[in-house]
Amino acid sequence: MWLYFLSLCGGGAAILYVLCGWLIPAAVEDSPWFTLLWHDFILQRILNALTWSTRPQRLLKAIQKKATRGDPQSVISAIDYFCRHKEWAMNVGDEKGAILDSVVSEVNPSTALELGTYCGYSTVRIARLLPPETRLITLEFNPDYAVVAHQVIAWAGLQDKVELVVGSSGDLIPQMKQKFGIKQFDFVFLDHWKDRYLLDIKLLEECGLLRRGTVLLADNVICPGTPEYLEYVRTSPRYESHYFKAHLEYTKVEDGLEKSIFLG
């Protein structure tokens, strides 16, 4: 009886592994909405229940196991490996990350703002490329994500170059000049709630935090998409925009980055 029960459990676990690890991901890989539904809702909740942990916590453990402390590139590589081979996560990812690297290096900002820290992947990518005197301010609404991001940034050895602030972008952007001593930003990376993109760049404009030549780089403009934001930056005489076609992080679904230069 016990052998029969154990064999059933083993067989069920094997079927679940094949379904979750191979068949379902392959079936949904060409559909934007099914891909997000599977990875970001269904599978994440299954793994949370089975492991009694959250995805950010599992990602942090993978970094601590595989990445070298004080080496930002090894942290990036550990996250990319985890997301491609273990469990998908909503980072900008390696393909779009290379575009992000290129834009940051081109701008070489003295002040930089990131909207949406999540677990700190893009924060590490940006901060490792900044000049010694430059600081990156990154805003994260979710305090649980921020706890993990603090540890990821510290593991990469970049804690002195990054100021992580927990709170709403709508509340914090108007405080930038008085509370953080920021006059204007040279570079802004948008990767938070997609319905906040347009609201927040208009808020940055109103607060005088954009100068002529400030570069905005927005992720996930196709999937899940930011149509109102794209319409604004592509039609407004205040911006010059260019789209970088790529794929949703660690998938075959089309996505991309929109680079917009503020013209004043």
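Arg55, Pro56, Arg58, Leu59, Leu60, Ala62 and Ile63 are the buried residues of helix α3, where buried means under 20% relative accessible area, exposed over 50%, and partly exposed in between (1.4 Å probe, protein chains only). The model is a predicted one, so to speak of local features takes a pLDDT of at least 70, and side-chain atom pairs count only at pLDDT 80 or more, while totals for chains, interfaces and linings use all residues. Residues are numbered from 1 along each chain as its sequence is written, and side-chain values use heavy atoms, with hydrogens and water left out.

As for the overall make-up, the protein has 12 helices and seven strands; these are DSSP runs numbered from the N terminus, with H or I and at least four residues for helices, and E and at least two for strands. Of the 264 residues in the protein, 50% are buried. Contacts are heavy atoms within 4.5 Å. Taking those in the protein with a separation of 6 or more, 71% come from residues 24 or more positions apart.

Back to α3. This helix has 12 residues and covers 17 Å from its first C-alpha to its last, close to the 16 Å expected at 1.5 Å a residue; the expected span is 1.5 Å times one less than the number of residues. Its partner here is α4: the axes of α3 (residues 55–66) and α4 (residues 72–85) come within 9 Å and cross at roughly 130 degrees. That angle makes α3 oblique to α4. Axes are lines fitted to C-alpha atoms, for helices over the stretch in contact, and the angles run from 0 to 180 degrees between N-to-C directions. Angles under 35 degrees count as roughly parallel, over 145 as roughly antiparallel, 65 to 115 as roughly perpendicular, and the rest as oblique. The crossing of α3 past α4 is right-handed, that is, the near helix is turned clockwise from the far one by less than a right angle, with anticlockwise giving a left-handed crossing. On the α3 side the contact is made by Arg58, Leu59, Ala62, Ile63 and Lys66, and on the α4 side by Val75, Ala78, Ile79, Tyr81, Phe82 and Cys83. By class, this contact of α3 with α4 has nine nonpolar, no polar and two charged residues. Ala, Val, Leu, Ile, Met, Phe, Trp, Tyr, Cys and Pro count as nonpolar, Asp, Glu, Lys and Arg as charged, and the others, Gly among them, as polar.

Helix α4 turns up again around α5. With 15 residues, α5 (residues 93–107) reaches 20 Å from its first C-alpha to its last, close to the 21 Å expected at 1.5 Å a residue. Its buried residues are Gly93, Lys96, Gly97, Ile99, Leu100, Asp101, Val103 and Val104. What covers them includes α4 and α6 (121–127), along with the strands β4 (185–190), β5 (210–218), β6 (239–247) and β7 (254–262). After α5 comes Asn108, with a positive phi near 50 degrees.

Then there is α10 (residues 197–206), a mostly covered helix with seven of its 10 residues buried. Those seven are Tyr197, Leu198, Asp200, Ile201, Leu203, Leu204 and Glu205. The axes of α10 and α12 (residues 227–235) come within 8 Å and cross at roughly 40 degrees, which makes α10 oblique to α12. Here Tyr197, Leu198, Ile201, Lys202 and Glu205 of α10 meet Glu228, Tyr229, Tyr232 and Val233 of α12. Sorted by class, the contact of α10 with α12 comes to six nonpolar, no polar and three charged residues. Glu205 counts as buried because its relative accessibility is 15%. Leaving aside residues up to four places away in sequence, Glu205 touches Leu210, Tyr232, Arg238, Tyr239 and Phe262. Just after α10, Gly208 takes a positive phi of about 70 degrees.

Tyr118 is not a glycine, yet has a positive phi of about 50 degrees. This tyrosine, Tyr118, sits in the loop between β1 (111–115) and α6, and counts as buried at 8% relative accessibility. Asn220, also not a glycine, has a positive phi of about 60 degrees. The loop between β5 and α11 holds Asn220, which is buried at a relative accessible area of 4%. Within α11 (residues 221–225) lies Pro224, and the peptide bond from Cys223 to Pro224 is cis, with omega near 5 degrees.
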